[in-house]
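Colleague: I am new to this structure and would like to learn how to read it. Could you walk me through some features?

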Amino acid sequence: MTEESAPLFSRRRILAAGGAGIAAAGLGGAVLSGNASAEEPVTTDCLRLTKESIEGPYYLDYDKYRSDVTEGKPGVPLTLRIRVIDSVHCRPLSRVAVDIWHCDALGIYSSYEEASSGGGSTPPTGTPTAVPTGPPPGGGGGHAEPDSDTTYLRGFRMTDRAGWVTFRTVFPGWYRGRAVHIHTKVHVDGVFTHGKYEGGTDCHTGQLYFPEPAIEAVARQQPYATNTTERTTNAEDMLYTGDTAADGMLALRYDERHVGRGVHASITLGVDPDAVNDGQGGFPAPTSSPSAGS
(Lines give C-alpha, C1' and ligand atoms only; values in the text may rest on other atoms or scores of the structure.)
Protein backbone atom coordinates (compact mmCIF):
# COMPACT_ATOMS: atom_id res chain seq x y z
CA MET A 1 0.00 0.00 0.00
CA THR A 2 1.39 3.40 -0.95
CA GLU A 3 0.73 6.36 1.30
CA GLU A 4 0.06 9.77 -0.19
CA SER A 5 2.94 12.21 0.01
CA ALA A 6 2.20 15.57 1.59
CA PRO A 7 2.89 18.43 -0.81
CA LEU A 8 5.86 20.61 0.12
CA PHE A 9 6.01 24.36 0.37
CA SER A 10 8.76 26.26 -1.45
CA ARG A 11 11.98 27.28 0.25
CA ARG A 12 10.61 30.78 0.78
CA ARG A 13 9.72 30.49 4.41
CA ILE A 14 10.18 31.89 7.86
CA LEU A 15 11.46 29.27 10.28
CA ALA A 16 9.98 29.26 13.75
CA ALA A 17 11.30 26.86 16.37
CA GLY A 18 9.46 26.84 19.66
CA GLY A 19 7.62 30.00 18.63
CA ALA A 20 10.76 32.02 17.79
CA GLY A 21 11.03 33.08 14.14
CA ILE A 22 14.18 33.29 12.06
CA ALA A 23 13.53 35.71 9.23
CA ALA A 24 15.77 36.51 6.30
CA ALA A 25 15.49 39.18 3.67
CA GLY A 26 13.38 38.17 0.71
CA LEU A 27 11.69 35.22 2.44
CA GLY A 28 7.97 34.63 2.19
CA GLY A 29 5.35 34.19 4.89
CA ALA A 30 5.35 30.43 5.37
CA VAL A 31 5.96 29.15 8.88
CA LEU A 32 7.63 26.02 10.20
CA SER A 33 6.82 25.66 13.87
CA GLY A 34 7.70 23.13 16.52
CA ASN A 35 10.93 21.52 17.68
CA ALA A 36 11.68 19.36 14.65
CA SER A 37 11.53 19.49 10.89
CA ALA A 38 8.25 18.86 9.13
CA GLU A 39 9.39 15.35 8.26
CA GLU A 40 10.40 14.49 11.87
CA PRO A 41 13.59 12.45 11.16
CA VAL A 42 13.82 9.13 12.97
CA THR A 43 16.97 10.12 14.84
CA THR A 44 15.17 12.93 16.68
CA ASP A 45 13.02 10.99 19.14
CA CYS A 46 13.28 7.34 18.18
CA LEU A 47 14.63 6.35 21.60
CA ARG A 48 12.00 8.29 23.54
CA LEU A 49 8.54 6.97 24.20
CA THR A 50 5.79 9.38 23.26
CA LYS A 51 3.72 10.07 26.35
CA GLU A 52 0.50 8.17 26.79
CA SER A 53 -2.79 9.91 27.53
CA ILE A 54 -6.38 9.02 28.26
CA GLU A 55 -8.66 7.74 25.54
CA GLY A 56 -11.48 10.09 26.50
CA PRO A 57 -15.18 9.32 26.24
CA TYR A 58 -15.63 9.68 22.47
CA TYR A 59 -13.59 6.89 20.89
CA LEU A 60 -15.40 4.43 18.60
CA ASP A 61 -13.89 1.48 16.78
CA TYR A 62 -15.68 2.14 13.50
CA ASP A 63 -13.19 0.51 11.10
CA LYS A 64 -13.26 3.63 8.93
CA TYR A 65 -10.27 2.87 6.74
CA ARG A 66 -9.62 6.09 4.85
CA SER A 67 -7.14 8.94 4.49
CA ASP A 68 -9.73 11.72 4.01
CA VAL A 69 -11.90 11.89 7.13
CA THR A 70 -13.53 15.28 6.58
CA GLU A 71 -16.91 14.13 5.17
CA GLY A 72 -17.46 17.70 4.01
CA LYS A 73 -16.90 19.32 7.41
CA PRO A 74 -15.82 22.98 7.03
CA GLY A 75 -12.56 24.27 8.43
CA VAL A 76 -8.94 25.02 7.64
CA PRO A 77 -7.59 22.02 5.69
CA LEU A 78 -5.12 19.96 7.70
CA THR A 79 -2.76 17.37 6.24
CA LEU A 80 -1.62 15.21 9.15
CA ARG A 81 1.37 12.89 8.77
CA ILE A 82 2.22 10.48 11.57
CA ARG A 83 5.24 8.23 11.71
CA VAL A 84 5.35 5.29 14.11
CA ILE A 85 8.75 4.19 15.42
CA ASP A 86 9.64 1.24 17.65
CA SER A 87 11.37 3.20 20.41
CA VAL A 88 13.17 0.10 21.70
CA HIS A 89 14.80 -0.96 18.43
CA CYS A 90 14.70 2.47 16.76
CA ARG A 91 13.05 1.34 13.54
CA PRO A 92 9.83 2.17 11.68
CA LEU A 93 6.78 0.02 12.37
CA SER A 94 5.10 -0.98 9.12
CA ARG A 95 1.60 -2.39 8.66
CA VAL A 96 0.31 -1.19 12.02
CA ALA A 97 -2.99 0.66 12.31
CA VAL A 98 -3.10 4.33 13.31
CA ASP A 99 -6.45 5.72 14.45
CA ILE A 100 -7.34 9.42 14.79
CA TRP A 101 -10.47 11.21 15.97
CA HIS A 102 -11.14 14.82 16.93
CA CYS A 103 -13.82 17.49 17.18
CA ASP A 104 -14.90 19.77 14.35
CA ALA A 105 -14.26 23.51 14.04
CA LEU A 106 -16.95 24.26 16.61
CA GLY A 107 -15.88 21.67 19.16
CA ILE A 108 -18.36 18.90 18.27
CA TYR A 109 -17.49 15.21 17.96
CA SER A 110 -19.21 12.95 15.45
CA SER A 111 -21.45 10.32 17.05
CA TYR A 112 -21.62 12.57 20.15
CA GLU A 113 -23.20 15.80 18.93
CA GLU A 114 -25.52 16.11 21.91
CA ALA A 115 -22.95 15.21 24.55
CA SER A 116 -20.09 17.27 23.15
CA SER A 117 -22.28 20.34 22.64
CA GLY A 118 -23.37 20.30 26.28
CA GLY A 119 -26.75 18.72 25.62
CA GLY A 120 -25.84 15.57 27.50
CA SER A 121 -24.91 17.27 30.76
CA THR A 122 -24.52 20.65 32.41
CA PRO A 123 -21.52 22.55 31.03
CA PRO A 124 -18.92 23.64 33.60
CA THR A 125 -18.50 27.31 34.42
CA GLY A 126 -15.49 29.41 35.34
CA THR A 127 -11.82 28.80 34.58
CA PRO A 128 -10.80 25.11 34.64
CA THR A 129 -8.61 24.38 37.67
CA ALA A 130 -8.73 20.58 37.76
CA VAL A 131 -8.62 17.63 35.44
CA PRO A 132 -11.86 17.44 33.41
CA THR A 133 -13.93 14.42 34.40
CA GLY A 134 -16.40 13.87 31.58
CA PRO A 135 -18.45 15.36 28.77
CA PRO A 136 -18.95 18.08 27.68
CA PRO A 137 -15.28 18.99 28.23
CA GLY A 138 -14.32 15.36 27.78
CA GLY A 139 -11.58 13.40 29.46
CA GLY A 140 -11.33 10.43 31.73
CA GLY A 141 -10.92 6.92 30.53
CA GLY A 142 -14.64 6.14 30.64
CA HIS A 143 -16.47 5.50 27.40
CA ALA A 144 -19.73 7.31 26.53
CA GLU A 145 -22.53 5.80 24.49
CA PRO A 146 -22.99 7.51 21.10
CA ASP A 147 -26.07 9.66 20.53
CA SER A 148 -25.92 9.70 16.70
CA ASP A 149 -24.57 7.66 13.80
CA THR A 150 -22.31 10.33 12.24
CA THR A 151 -18.68 9.42 11.53
CA TYR A 152 -16.88 12.60 10.39
CA LEU A 153 -13.30 13.32 11.52
CA ARG A 154 -12.63 9.68 12.40
CA GLY A 155 -10.56 7.10 10.59
CA PHE A 156 -7.55 4.83 10.49
CA ARG A 157 -4.72 4.01 8.12
CA MET A 158 -2.04 1.32 7.90
CA THR A 159 1.56 2.52 8.10
CA ASP A 160 3.75 2.09 5.03
CA ARG A 161 7.22 0.52 5.03
CA ALA A 162 8.73 3.69 6.46
CA GLY A 163 6.14 3.86 9.26
CA TRP A 164 4.11 6.77 7.82
CA VAL A 165 0.38 7.39 7.53
CA THR A 166 -1.30 10.46 6.06
CA PHE A 167 -4.73 11.89 6.91
CA ARG A 168 -6.64 14.73 5.31
CA THR A 169 -8.86 16.45 7.83
CA VAL A 170 -9.58 19.94 9.20
CA PHE A 171 -7.84 21.86 11.96
CA PRO A 172 -9.75 20.99 15.17
CA GLY A 173 -11.74 23.58 17.07
CA TRP A 174 -12.14 23.80 20.83
CA TYR A 175 -14.56 23.28 23.67
CA ARG A 176 -14.49 24.29 27.31
CA GLY A 177 -11.93 22.55 29.48
CA ARG A 178 -9.55 21.21 26.82
CA ALA A 179 -6.83 22.62 24.61
CA VAL A 180 -7.05 22.06 20.85
CA HIS A 181 -6.03 18.44 20.26
CA ILE A 182 -6.32 15.28 18.17
CA HIS A 183 -6.70 11.82 19.69
CA THR A 184 -4.69 8.93 18.31
CA LYS A 185 -4.19 5.20 18.84
CA VAL A 186 -1.65 2.75 17.47
CA HIS A 187 -2.90 -0.84 17.08
CA VAL A 188 -0.46 -3.74 16.64
CA ASP A 189 -0.61 -7.50 16.06
CA GLY A 190 -4.07 -7.40 14.50
CA VAL A 191 -5.24 -8.61 11.10
CA PHE A 192 -6.06 -6.13 8.31
CA THR A 193 -8.31 -7.48 5.56
CA HIS A 194 -10.79 -5.82 3.22
CA GLY A 195 -10.54 -2.44 4.93
CA LYS A 196 -11.06 -3.81 8.43
CA TYR A 197 -8.60 -4.25 11.29
CA GLU A 198 -9.40 -6.96 13.79
CA GLY A 199 -7.75 -8.22 16.96
CA GLY A 200 -4.42 -7.09 18.29
CA THR A 201 -3.72 -4.59 21.04
CA ASP A 202 -3.37 -0.84 21.52
CA CYS A 203 0.31 -0.17 22.15
CA HIS A 204 -0.18 3.61 22.29
CA THR A 205 -3.04 5.96 23.12
CA GLY A 206 -2.19 9.63 23.00
CA GLN A 207 -3.19 13.17 22.15
CA LEU A 208 -1.57 15.55 19.68
CA TYR A 209 -1.31 19.30 20.27
CA PHE A 210 -0.76 22.47 18.23
CA PRO A 211 1.49 25.51 18.90
CA GLU A 212 -0.48 28.46 20.25
CA PRO A 213 0.44 30.89 17.41
CA ALA A 214 -1.09 28.54 14.86
CA ILE A 215 -4.25 28.11 16.94
CA GLU A 216 -4.61 31.88 17.24
CA ALA A 217 -4.21 32.31 13.48
CA VAL A 218 -6.78 29.61 12.72
CA ALA A 219 -9.19 31.00 15.33
CA ARG A 220 -9.55 34.15 13.22
CA GLN A 221 -10.79 32.11 10.25
CA GLN A 222 -14.32 30.94 9.54
CA PRO A 223 -16.10 29.00 10.97
CA TYR A 224 -13.81 29.06 14.02
CA ALA A 225 -14.42 32.77 14.58
CA THR A 226 -18.08 32.01 15.32
CA ASN A 227 -17.16 29.78 18.28
CA THR A 228 -17.92 31.86 21.38
CA THR A 229 -16.74 29.20 23.84
CA GLU A 230 -13.80 30.38 25.95
CA ARG A 231 -10.71 28.62 24.65
CA THR A 232 -8.45 26.68 27.01
CA THR A 233 -4.79 27.23 26.11
CA ASN A 234 -2.12 24.55 26.17
CA ALA A 235 -0.74 25.95 29.43
CA GLU A 236 -4.18 25.74 31.03
CA ASP A 237 -4.87 22.20 29.88
CA MET A 238 -4.43 19.56 32.59
CA LEU A 239 -3.43 16.81 30.12
CA TYR A 240 -0.87 18.83 28.19
CA THR A 241 2.66 18.03 29.37
CA GLY A 242 5.02 20.06 27.18
CA ASP A 243 5.99 21.34 23.77
CA THR A 244 8.19 18.52 22.45
CA ALA A 245 7.30 15.75 20.03
CA ALA A 246 7.50 13.30 22.94
CA ASP A 247 4.69 15.33 24.57
CA GLY A 248 2.57 15.08 21.42
CA MET A 249 3.40 18.54 20.03
CA LEU A 250 2.99 18.63 16.25
CA ALA A 251 5.48 20.25 13.87
CA LEU A 252 3.56 22.56 11.52
CA ARG A 253 4.04 24.19 8.14
CA TYR A 254 1.68 26.91 6.95
CA ASP A 255 1.61 30.31 5.32
CA GLU A 256 0.93 32.79 8.11
CA ARG A 257 -0.57 35.25 5.62
CA HIS A 258 -2.95 32.64 4.21
CA VAL A 259 -3.44 30.07 6.94
CA GLY A 260 -6.92 29.40 5.61
CA ARG A 261 -5.36 27.66 2.62
CA GLY A 262 -4.17 24.83 4.82
CA VAL A 263 -1.78 23.55 7.46
CA HIS A 264 0.63 20.62 7.24
CA ALA A 265 1.34 18.82 10.52
CA SER A 266 3.67 15.93 11.30
CA ILE A 267 4.98 13.99 14.25
CA THR A 268 6.98 10.87 15.04
CA LEU A 269 5.42 8.64 17.70
CA GLY A 270 7.88 6.56 19.67
CA VAL A 271 6.00 3.47 20.89
CA ASP A 272 6.71 0.14 22.56
CA PRO A 273 4.97 -2.44 20.34
CA ASP A 274 4.99 -4.97 23.18
CA ALA A 275 3.19 -2.66 25.61
CA VAL A 276 -0.56 -2.32 26.16
CA ASN A 277 -1.77 1.27 26.46
CA ASP A 278 -5.50 1.50 25.84
CA GLY A 279 -6.00 4.89 27.51
CA GLN A 280 -8.17 3.50 30.28
CA GLY A 281 -5.62 3.71 33.07
CA GLY A 282 -6.29 7.24 34.30
CA PHE A 283 -4.68 10.61 33.78
CA PRO A 284 -1.00 10.97 32.89
CA ALA A 285 1.18 12.92 35.28
CA PRO A 286 2.29 16.19 33.67
CA THR A 287 6.00 16.91 33.82
CA SER A 288 5.62 20.67 34.05
CA SER A 289 2.30 20.71 35.91
CA PRO A 290 0.51 23.18 33.64
CA SER A 291 -2.57 24.70 35.19
CA ALA A 292 -4.91 27.62 34.88
CA GLY A 293 -2.89 29.45 37.48
CA SER A 294 0.51 28.94 35.87
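Modeller: Gladly! Keep in mind that this is a predicted model. Let's begin with a salt bridge: the side chains of Glu 55 and Lys 185 meet at 3.0 Å, N to O.

Colleague: Where in the chain do Glu 55 and Lys 185 lie?

Modeller: Glu 55 is in the loop between α1 and β4, while Lys 185 belongs to strand β9, so this pair links distant parts of the chain, 130 residues apart.

Colleague: Are Glu 55 and Lys 185 buried or exposed?

Modeller: Buried means under 20% relative accessible area. Both Glu 55 and Lys 185 are buried, and the value for Lys 185 is 0%.

Colleague: Which other residue joins Glu 55 and Lys 185 in a network?

Modeller: That is Asp 202: salt bridges with shared partners connect Glu 55, Lys 185 and Asp 202 into one network. Asp 202 meets Lys 185 at 3.1 Å, N to O. Because Asp 202 sits in strand β12 and Lys 185 in β9, the pair ties together parts 17 residues apart in sequence. Asp 202 counts as buried too, at 17% relative accessibility.

Colleague: How many residues of strand β9 are buried?

Modeller: Eight of the eight, so β9 is largely enclosed by the rest of the structure. On one side are His 181, His 183, Lys 185 and His 187; on the other are Ile 182, Thr 184, Val 186 and Val 188.

Colleague: And which strands pair with β9?

Modeller: Strand β6 runs antiparallel to β9, joined by five bridges, with Ile 100 opposite Thr 184. Strand β12 also pairs with β9 in the antiparallel sense, over eight bridges, and there Val 186 stands opposite His 204.

How values were computed: Residues are numbered from 1 along each chain as its sequence is written. This is a predicted model: local features need pLDDT of at least 70, side-chain atom pairs count only at pLDDT 80 or more; totals for chains, interfaces and linings use all residues. Side-chain values use heavy atoms; hydrogens and water are left out. Buried means under 20% relative accessible area, exposed over 50%, partly exposed in between (1.4 Å probe, protein chains only). Helices (H or I, at least four residues) and strands (E, at least two) are DSSP runs, numbered from the N terminus. Two strands pair if DSSP finds at least two bridges between them. A salt bridge is a side-chain nitrogen of Lys or Arg within 4 Å of a carboxyl oxygen of Asp or Glu.
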